[in-house]
Amino acid sequence: MKARRVIIAGGKERLKNKIFRIGCMGNATGRDVLSTTPQLEIVLNKRGYIDLLGAGIKAATRVLDRA
């Protein structure tokens, strides 16, 4: 993610080693979500965590369309 200019960090306290956080400065917009999600999917796919690309962006789009 660093090579893709996206800052991530691990969870803290009881969430350590269970989640990761995507960093931003200020409010994250729908545009931020829609530009970051595909990058995350690509990295997760390359590392073998997910098989297919697109589910994350579809889910993000559904949520943002409701807002």
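**Figure 1. Overall view of the chain and its elements.** A residue is called buried when its relative accessible area is under 20%, exposed when it is over 50% and partly exposed in between, with a 1.4 Å probe and only the protein chains considered. The model is predicted, so local features need a pLDDT of at least 70 and side-chain atom pairs a pLDDT of 80 or more, whereas totals for chains, interfaces and linings use all residues. Residues are numbered from 1 along each chain as its sequence is written, and side-chain values use heavy atoms, with hydrogens and water left out. The protein chain holds two helices and two strands, which follow one another from the N terminus in the order β-β-α-α; helices (H or I, at least four residues) and strands (E, at least two) are DSSP runs, numbered from the N terminus. Along the principal axes, the C-alpha atoms of the chain fill a box of roughly 35 × 30 × 25 Å. The chain has 67 residues, of which 15% count as buried.

Figure 2. Helix α1 covers residues 30–46. Its 17 residues should span 24 Å at 1.5 Å a residue, and the 25 Å between its end C-alpha atoms agrees with this, the expected span being 1.5 Å times one less than the number of residues. T36, T37, L40, E41 and V43 are the buried residues of α1, and what covers them includes strand β2 (20–22) and helix α2 (55–66). An α-helix has 3.6 residues a turn, so residues three or four places apart point the same way. After α1 comes G48, whose phi is positive, near 85 degrees.

**Figure 3. T37 and G30, two residues of α1.** T37 is placed in helix α1 and is buried because its relative accessible area is 17%. Apart from its neighbours within four places in sequence, T37 is in contact with G56, I57 and A60. G30 also belongs to helix α1, but G30 counts as partly exposed because its relative accessibility is 24%. The C-alpha atoms of G30 and D65 are 9.6 Å apart in space, although these residues are 35 residues apart in sequence.

**Figure 4. The largest pocket and its lining.** A pocket is found on a 1 Å grid over the protein atoms alone, as an open set of points with protein on both sides within 12 Å along at least five of seven lines, and its lining residues have an atom within 4 Å of a point. The largest pocket has a volume of about 220 Å³, and of the 13 residues that line it, I22, G23, D32, V33 and T36 are the closest to its centre; such a volume is the space filled by probe spheres set on grid points that are joined across faces, edges and corners. Helix α1 gives the most to this lining, with six residues.

**Figure 5. The second largest pocket.** About 160 Å³ of space lies in the second largest pocket, whose lining is made up of M1, I8, F20, L40, V43, L44, R47 and Y49. The largest share of this lining again comes from α1, which supplies three residues. Two of these lining residues, L40 and V43, are also listed among the buried residues of α1.

Figure 6. R5 is placed in the segment before β1 and has a phi near 65 degrees, a positive value in a residue other than glycine; with a relative accessibility of 80%, R5 counts as exposed. N17 lies in the loop between β1 and β2, has a positive phi near 65 degrees although N17 is not a glycine, and counts as exposed at 76% relative accessibility. G11 is placed in the loop between β1 (8–10) and β2, but G11 counts as buried because its relative accessibility is 12%. Leaving aside neighbours within four places in sequence, the contacts of G11 are with K16, I19, F20 and R21. G11 and L64 are 53 residues apart along the chain, and their C-alpha atoms are separated by 25 Å.

**Figure 7. C24 in the loop between β2 and α1.** C24 is found in the loop that joins β2 and α1 and counts as partly exposed, at 46% relative accessibility. From C-alpha to C-alpha, C24 and I8 are 9.3 Å apart in space, while in sequence they are 16 residues apart.

Definitions and conventions:
On a 1 Å grid over the protein atoms alone, a cavity is a set of points where a 1.4 Å probe fits but cannot get out, and a pocket is an open set with protein on both sides within 12 Å along at least five of seven lines; lining residues have an atom within 4 Å of a point. Contact means heavy atoms within 4.5 Å.
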